[in-house]
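I wanted a quick look at where the small molecules sit and what holds them. These are my notes, in the order I looked things up.

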Amino acid sequence: SSGKKPLHFLHLDDFDKKTLVYLLKKAKEVKSIIKSGDKSFQPLKGKSMAMIFAKPSMRTRVSFETGYFLLGGHAIYLGPDNIQMGKREETRDISRVLSGYNDVIMARVFSHQDILDLAHYSSIPVINGLTDYNHPCQILADALTIIEHVGQIEDVKVVYVGDGNNIVHSWLRLAAVLPFQFTCACPQGFEPDPATVQIARKAGISKIEITNDPKEAVKGADVVYADVWASMGQKDEASIRKQKFQGFQINEALMKIAGPRAYFMHCLPAERGVEVTDAVIEASNSIVFPQAENRMHAQNAVILHVLGF
Ligand code: CP
Ligand code: NVA
């Protein structure tokens, strides 16, 4: 290690506005190279990335692994049984060992402190692939998807309906850097972390609303956004949450209130018939699959940036 501090991607507001705008532009450029079928862009040739997963994943694993491969590099999947972070081995040891073999670490963990510890002890960039607290790669990809469909992210009204969870925290931290309107409609007792709401409000550039009224919230939305009601690590609460989240399902009636210009988004995986109906997810204004694809393109831009390209 050169002793120089690596560039991590742990929260959206780790980067300033100029950098986020640059990343979104870079994502679009690299996406068009990949979509053109041109295989000559191989900046990651000879490089490797260790991917730590303490939780299940489809999108995050496949988009990171494929993206890294398409850019010429090699990505290594380390599942929950391999690493057993903090159980088989301490996080600070894992971090320094992987730093000796690889160029990037990507990790999906439970406790947010685990990703902070990984980054603290790492001499190579660490990318956050979801924690109990946030999911910055997802919301960067979502911003890219909104730009492609609505034309811009600035001033767009995003209305999230459901649990005030990791996805909401990343929306709030994006709102601290880019100006848009973000509303979170959640049942009482399921509001996002107040300190994170404060970060978004204090930045003073975005309109932030936290409410318990989904019908009122979706009026005038450009995007209506859903996530599961019980996140990974909360699956034993699924049935109690189904009761508490009555009235927060995104169905055709709610989308009708939102109006004809509203797109539907969901980070996926979705529980059809629970937080969203089949009809809404399959409707022509649902952009969940372009949204999922953009994970790879947004992350490619992040990887290139943290590696200094
Ligand atoms: N949206 C998302 O992160 O999906 P996975 O859990 O499948 O990675
Ligand atoms: N809030 C969900 C997001 C999954 C991508 C979870 O943490 O399980």
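Before the contacts, a cut-off: I count a polar contact when a pair of N or O atoms lies within 3.5 Å. The model is predicted, so I only read side-chain atom pairs at pLDDT 80 or more.

**Entry: ligand 2**

I began with Asp-227. An N or O atom of the Asp-227 side chain is 2.6 Å from a nitrogen atom of ligand 2, so this pair falls inside the cut-off of 3.5 Å. Ser-231 turned up next, with a side-chain N or O atom 2.7 Å from a nitrogen atom of ligand 2. For an oxygen atom of ligand 2 I found Asn-166, which puts a polar side-chain atom 2.8 Å away. On its own ligand 2 exposes 270 Å², and the protein buries 95% of that area.

Then I listed the surroundings. Around ligand 2 I find Leu-130, Asn-165, Asn-166, Asp-227, Val-228, Ser-231, Met-232 and Leu-268. Sorted by class, this shell has four nonpolar residues, three polar ones and one charged one.

**Entry: ligand 1**

Which side-chain atom of Ser-57 lies 2.6 Å from an oxygen atom of ligand 1? I noted it as a polar one. Arg-108 also reaches an oxygen atom of ligand 1, with a side-chain N or O atom at 2.8 Å. Leu-268 uses its backbone instead: an N or O atom there lies 2.9 Å from a nitrogen atom of ligand 1.

The residues surrounding ligand 1 are Ser-57, Met-58, Arg-59, Thr-60, Arg-108, His-135, Gln-138, Cys-267, Leu-268 and Arg-295. I sorted this shell into three nonpolar, four polar and three charged residues. Leu-268 is in this list, and I had already written Leu-268 down for ligand 2.

**Entry: the pocket**

Where does each ligand sit? The lining comes to 20 residues, with Arg-108, Leu-130, Met-232, Leu-268 and Pro-269 nearest the centre of the pocket. The elements that each give two or more residues to that lining are α2 (59-70) and α7 (166-175). By class I have nine nonpolar, six polar and five charged residues in the lining.

Is the peptide bond from Leu-268 to Pro-269 cis or trans? I read it as cis, with omega near 5 degrees. Pro-269 is in the loop that runs between β9 (263-266) and α12 (278-282).

Leu-130 has a positive phi, near 110 degrees, and is not a glycine. I place Leu-130 in the loop between β4 (126-128) and α6 (136-150).

**Entry: the cavity**

How many cavities of 30 Å³ or more does the structure hold? I found one. The volume of the largest cavity is about 60 Å³. Its lining is Val-228, Trp-229, Ala-230, Lys-235, Ala-238, Arg-241, Lys-242, Glu-271 and Val-274. I sorted these into five nonpolar and four charged residues, with no polar ones. Val-228 lines this cavity and is also one of the residues around ligand 2.

Conventions
Residues numbered from 1 in each chain as written. Chains lettered and ligands numbered in written order. Predicted model: local features only at pLDDT ≥ 70, side-chain atom pairs only at ≥ 80, totals over all residues. Heavy atoms only, no water. Near = heavy atom within 4 Å. Polar contact = N/O pair within 3.5 Å; in protein donor to acceptor, adjacent residues only side chain to side chain. Areas by Shrake-Rupley, 256 points an atom, 1.4 Å probe, with all protein chains shown as cover. Nonpolar A, V, L, I, M, F, W, Y, C, P; charged D, E, K, R; others polar. 1 Å grid on protein atoms, 1.4 Å probe; cavity = no way out; pocket = protein on both sides within 12 Å on 5 of 7 lines; lining within 4 Å. Points joined across faces, edges and corners; volume = space filled by probe spheres on them. Helix = DSSP H or I, 4+ residues; strand = E, 2+ residues; numbered from the N terminus.
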